[in-house]
2 protein chains.
Amino acid sequence: MSELRKDPVVGRWVIISTERARRPSDFVSQPVRPLAADCAFCEGREGTTPPEILAGRPAGSEPNGPGWTYRVVPNKYPALRIEGDLETAGEGLFDRMTGIGAHEVVIEAPQHATSLAALGVDAVTDVLLAFRERARDLKKDPRLAYVLVFKNHGEAAGASLEHPHSQLIATPIIPIMVAEELTGAAQYFQMKERCVWCDMLRQERRGGLRLILETQGFVALAPFAPRFPFETWILPVHHRAAFEDCTEEELRGLATALGEFLRRMNRVLSDPPFNFMLHTAPLREGHLESFHWHLEIIPKLTRVAGFEWGSGFFINPMPPEDAADVLRAGPG
Amino acid sequence: MSELRKDPVVGRWVIISTERARRPSDFVSQPVRPLAADCAFCEGREGTTPPEILAGRPAGSEPNGPGWTYRVVPNKYPALRIEGDLETAGEGLFDRMTGIGAHEVVIEAPQHATSLAALGVDAVTDVLLAFRERARDLKKDPRLAYVLVFKNHGEAAGASLEHPHSQLIATPIIPIMVAEELTGAAQYFQMKERCVWCDMLRQERRGGLRLILETQGFVALAPFAPRFPFETWILPVHHRAAFEDCTEEELRGLATALGEFLRRMNRVLSDPPFNFMLHTAPLREGHLESFHWHLEIIPKLTRVAGFEWGSGFFINPMPPEDAADVLRAGPG
């Protein structure tokens, strides 16, 4: 079983996951990407994944058979598992916890050779609705504190399978990066009585220099201090703290903005590998005035090296104003 | 000129560096590694680097000519520059600062086809002494708050040149990761009146499970909550806050431990790409009771993906006890 461990100095938790390879020789060569013919996520091969948790199916269609538009399945090699008790223990000055949580995969389409950028608004909305449903369901488990939705697209961005998919990991503690955003945003709110992202949106929409696109209640912008070239955030224009409280109409707006942004990014950067990560309020604090949910998108174009790992500083050769300019001009 | 920018939510600074490529097409393909024949760092090609700041040379040897054992030169494409004034400015809710600092390269040997692991203790000690001298010199500049020494070895770890070298970047603010260590360690000290790394060393030397090697006043250990497989920290056994206060004898001890560790790592993991980063006290706070300098070494074996970038959690498939076991057994 996996284990959570806490660094005694900075308080960062890691997941020691023994479900996967661990002999030294396993780390030497990179994993091989399976061919489309062997793909476990393709329609007709439903038996190769664990049984589905949720799927988009017409009435009368059988679970775990063909005929779906999207499927949510448990990750076959989960970082955290729902089974077991949440137990904490000390070892001298160290702290550990059992690896309780959830790790699920959303297969975004039955076809192998497609991508989120190529899907229509209805299909992308369905994927987002699937995340909302899973977050609402996992929220019922009192052991869980957070659900992080993310996507690895392309081998350089950490994807081990080519078939379009995204993932969620639910954790028993609030991830440190989200905790830092919560703390910073709460301090800002305490000073100003305003949400920092609402202020950012006001400033960026007025100035326009870092604005990429705005559509149906959503804005895509290049953040003022981006870690990576072409890093982009998509936010709802109106204050919303919890992703799982979105209406279907709001998710359709997000699907439109996301699809439009991804198509522009793909044209400008020639279909780059990328990650996205959804930052939303913790499960037990859905209605924060100080927190504004947002989707962070990072094309994988540069390598992270010793300076970044040692300092937390990032060196970014692309000013966000120039990145926004290029992405604004790019055809949708 | 580069610019420092601060994220208004989490307070993380980034360096927007416009010294390097910035057209979208520049990001699409990876940089090509120069052949040994074109290497700017090889002996005999001293004119292709900026003039040297420091070098290991026999008496009578001319600067910027052959005959050296190591050379310190400014980075040709510096992330930060020493020239100019440190100016800060606001832009609505955002903060920026001119890119003042230093970015230097230590060329570790005149031969192209070698590595720190293959050099003798004298040569490695000289490289460490060079870092000490550069830190002592940069400390005289009141604009600088921190000197981060680091190494990128191998293309996957971010090296753009093959010739053995390491780097330092001096910054006008304390990097956020070091600031987090300082804060965490100060809290621990406030509770216990002891340095957290001293406590860690006591516990690990007693338990032995995560100990890799101990020699000449230095310990290499696998940390309890490592972010990466085979992540290793090397620390002085006795409490020391500032690297630049080391004696030559202490640096010889570090050179011995580092060389021994790197050779074991290379045997066990077949010469992996890796980074190391030196965490020392800030330049203006050299004698902290709560901070203990240490060298963090991370072999580059796994990809960092969306979950890590979004959460700050790391999924590590290698328990540090197993990693230490393998590295302990490996021949030196």
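**Chains and domains**

Guide: Start where the chains meet. In this predicted model, 77 residues of chain B are in contact with 77 residues of chain A.

Visitor: Which element gives the most to the side of chain B that touches chain A?

Guide: Look at helix α2 (residues 176-192) of chain B, which gives seven residues.

Visitor: How many residues of each class does that side of chain B have?

Guide: Sort them by class. The side of chain B that touches chain A has 46 nonpolar, 17 polar and 14 charged residues.

Visitor: What rotation superposes chain B on chain A?

Guide: A rotation of 180°, with 0.0 Å of shift along its axis, and the RMSD is 0.0 Å. That is the relation of a two-fold axis. In chain B, B:Val304 has the C-alpha nearest the axis, 4.6 Å from it. Both copies use the same surface: 100% of the contact residues of chain B recur in chain A.

Visitor: Which strand of chain B is joined to strand β2 of chain A?

Guide: Strand β15 (residues 314-316) of chain B. Three bridges join it to β2 (residues 13-16) of chain A, and the two run parallel. Find A:Ile15; opposite stands B:Ile315 in β15(B).

Visitor: Now a single chain. Which domains does the assignment give for chain A?

Guide: Domain 1 (3-174) and domain 2 (177-329). Their C-alpha centres lie 22 Å apart. Each domain of chain A gives 26 residues to the contact. On the side of domain 1 that touches domain 2, α1 (121-138) and β8 (146-153) of chain A each give two or more residues. That side has 17 nonpolar, four polar and five charged residues.

Notes. Residues numbered from 1 in each chain as written. Chains lettered and ligands numbered in written order. Predicted model: local features only at pLDDT ≥ 70, side-chain atom pairs only at ≥ 80, totals over all residues. Domains from an automatic or database assignment. Contact = placed C-beta atoms within 7 Å. Helix = DSSP H or I, 4+ residues; strand = E, 2+ residues; numbered from the N terminus. Nonpolar A, V, L, I, M, F, W, Y, C, P; charged D, E, K, R; others polar. Least-squares fit on C-alpha atoms with pLDDT ≥ 70 in both. Pairing = 2+ DSSP bridges.
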